[in-house]
Amino acid sequence: MLSDKLTSCGIADHSDIPASWPSEERLKKGPVVVVECFQEIPCNPCETSCPRQAIVVGENINDLPKVDHAKCNGCTICVSRCPGLAIFVIDVNYSETESLVTMPYEFLPLPEKGDTVSALDRAGKECCRAKVVKVVNTKAQGKTPLVTLTIPRGMEKSIRFFKLIP
Amino acid sequence: MRIGKHPILDFKKGTKIEFFFEGQPVEGFLGEPIAAALHAAGIKVLRHSVKLDRPRGFFCAVGKCSSCLMEVDGVPNVFSCITPIRPGMQVRRQKGRGRIAVN
Amino acid sequence: MTNTNFLIIGGGPAGLMAALSSSEFGLDPLIIDENQTIGGQLIKQTHMFFGSKAERAGTRGFEIGMELEQEIGKRNIKIERQASAVGYYPDGTLAVLQNEKVTPLKPKAVLVATGASENFVSFPGSDLPGVYGAGAVQTLMNVYGIKPGRSVLMVGSGNIGLIVSYQLMQAGVQVKAIIEGLPKIGGYLVHASKIARAGVPILTRHTILKALGGDQVSGAVISKIDDKWQTIEGTQQTLEVDTICLAVGLSPLTEILWQAGCQMNYIPELGGQVAWHDDLMMTTMPGIFTAGDVTGIEEASTAMLEGELAGLGAVKFLKGDSKALQSRINDTACRLAALRAGPFGQKAREGKCKLAECRR
Ligand SMILES: Cc1cc2nc3c(=O)[nH]c(=O)nc-3n(C[C@H](O)[C@H](O)[C@H](O)COP(=O)(O)OP(=O)(O)OC[C@H]3O[C@@H](n4cnc5c(N)ncnc54)[C@H](O)[C@@H]3O)c2cc1C
Ligand code: SF4
Ligand code: SF4
Ligand code: FES
């Protein structure tokens, strides 16, 4: 069952998330994909773009994507291929106190490496400051650039967007 | 109100030209419809309605709703949302059903 | 304009795919489109499409349009731009208007793939400049690079309302809110989430009461509604916006089909009046085919497959059946059924079933 908050406001709730979450053990091994696609829609570029078959939609294109976190190496290829911009890569091993979250960002201006931005949760609420550690915008991203932020440990569950600080 | 840089699109603009709105010069780009060029110049009111003299702008932008009828070079009832601008073109707001120009 | 055996009216995804599939089996179709650019709705879509690889999912809409046009360029398919079909006569003549000149065409088979037009809702002030259809806003913004305004209220949370809101944000326009009368978001939740996380509120069970402004829109009054669509006192709020964008549905553009005398049926699940058609998209009039949004408001992916089927149907009609043709037809029909198999395809599935039963 999808939460009311998701179906009426577009904001995934605590009850929606667990389905997409990798195990503690897998998280400790390095960057890994988080797929926040909770509704059956006819779509499968996540499956066709992953070189390691870590995401499977299967025969029925309306089925939900199933993720095998063990197969994923966090390469981020699928992140810019998902039309729903529903895929993120997180890494809880960045430092003692910080994690990394990589997200698609289709707006201008793009931030630059080293910039400090305001990190937002799924409802667009400002949660903390974050540092941009990587911006990838080559032909392979097809105009869906990837931005990687450092955020305080524990926040990787909630930070899904950011805005520039004027 | 033109979009400067766009994250996905590159806009290929035609040559810059000048036409006239209510006698005043307005700039636009070749290939643009009248209503679009006026909108870029901040002009949204394209005509006044037949019965109640209410202001009207465009609505569908594809020539299907008649909301955008203007007087162009003296000819009334021109669909300004799909008619491209030309250099020197004289465009006026249409009042009601439009008048026929008498020189 | 030269005469043709197979005339395709409308160069959107449905019409273009029909041209490709029919030319694969030896027809030389002619496509006419009243627009100056081929691609129909695709030319305004800057987002990546859903669907599967065969329907080019993950590619941006306008790029799909360009790819199809290139493939068409390699075949013996003619395209006439800024050419409108304006009338269908009982003897099978189609009047086509181009450059203020009318040309009569007498094809042996016709595909009507004219797409759909936007619905309107009225409320006090809805005639003010600044109240625009979502498609119009898209054209202005994504075809001509012009912002519709500085701040927008979006009415409707179907995929069009959600996508156009996101595109407005990309163009640097502020979206103040998206309102929706129903208790749930109509479009894909992944689209809704992209917008919500940028801080734009999606307000379900809300309606617009009026547009404010003298000469043009300067604001909008919205309110919460109950499950009988009655406004709830004390929940009114005024939003300062200069643009109100209506994304309240589409209706099939069926004029030519009516004129041709095709059997029409009112099927709400498909968006209104649509022509009855068989499995190969042929209407009750032999040789007149229909495909895409004009036979039911769906998606580009389904429009492409319906178009493909209609093209194959025209081949069968004009040149007879063959084994190769039949296997191609089966393949396309299976892909179409697969796309419609999920919860979002339910409305279309039910609508098409109802329509099939309407044959008089
Ligand atoms: C904002 C928005 C977002 C969308 N997002 C998606 C998506 O993510 N995935 C997806 O699969 N679909 C999407 N769609 C839907 C998709 O664009 C349409 O379903 C599809 O374009 C329908 O194709 P069509 O060929 O039937 O009609 P259209 O694309 O509308 O083409 C019809 C063509 O016919 C021409 N025409 C009409 N009347 C005449 C006439 N009398 N004479 C000559 N020419 C005529 C028109 O100029 C037009 O070019 C979206 C639509 C919109 C508006
Ligand atoms: S991050 Fe790479 S390996 Fe992991 S699911 Fe995505 S594409 Fe596959
Ligand atoms: S590509 Fe994205 S939106 Fe499509 S099914 Fe996969 S995760 Fe969902
Ligand atoms: S805006 Fe609808 S006809 Fe011009």
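**Exercise 1.** Work out how far helix 3 of chain C is enclosed by the rest of the structure, and why.

*Solution.* Nine of the ten residues of helix 3 of chain C are buried, so this helix is largely enclosed by the rest of the structure. Here, buried means under 20% relative accessible area, exposed over 50%, and partly exposed in between (1.4 Å probe, protein chains only). Helices (H or I, at least four residues) and strands (E, at least two) are DSSP runs, numbered from the N terminus.

Before going on, a word on the model: it is predicted, so local features need pLDDT of at least 70 and side-chain atom pairs pLDDT 80 or more, while totals for chains, interfaces and linings use all residues. Residues are numbered from 1 along each chain as its sequence is written, chains are lettered from A and ligands numbered from 1 in the order in which they are written, and side-chain values use heavy atoms, with hydrogens and water left out.

Next, find the cover. The buried residues, among them C:Gly135 and C:Leu140, are covered by elements including helix 1 (34-40) of chain B and, from chain C, strand 8 (116-118), strand 9 (131-133), helix 4 and strand 16 (243-246).

**Exercise 2.** Describe how helix 3 and helix 4 of chain C pack.

*Solution.* Start with the geometry: helix 3 (residues 134-143) and helix 4 (residues 159-170) of chain C pack at an angle of about 30 degrees, with their axes 10 Å apart. Axes are lines fitted to C-alpha atoms, for helices over the stretch in contact, and angles run from 0 to 180 degrees between N-to-C directions. The two helices of chain C are therefore roughly parallel to each other (angles under 35 degrees count as such).

Then look at the contact (heavy atoms within 4.5 Å). Helix 3 of chain C contributes residues including C:Val137 and C:Met141, and helix 4 of chain C residues including C:Ile163 and C:Val164.

Methods
Angles under 35 degrees count as roughly parallel, over 145 as roughly antiparallel, 65 to 115 as roughly perpendicular and the rest as oblique.
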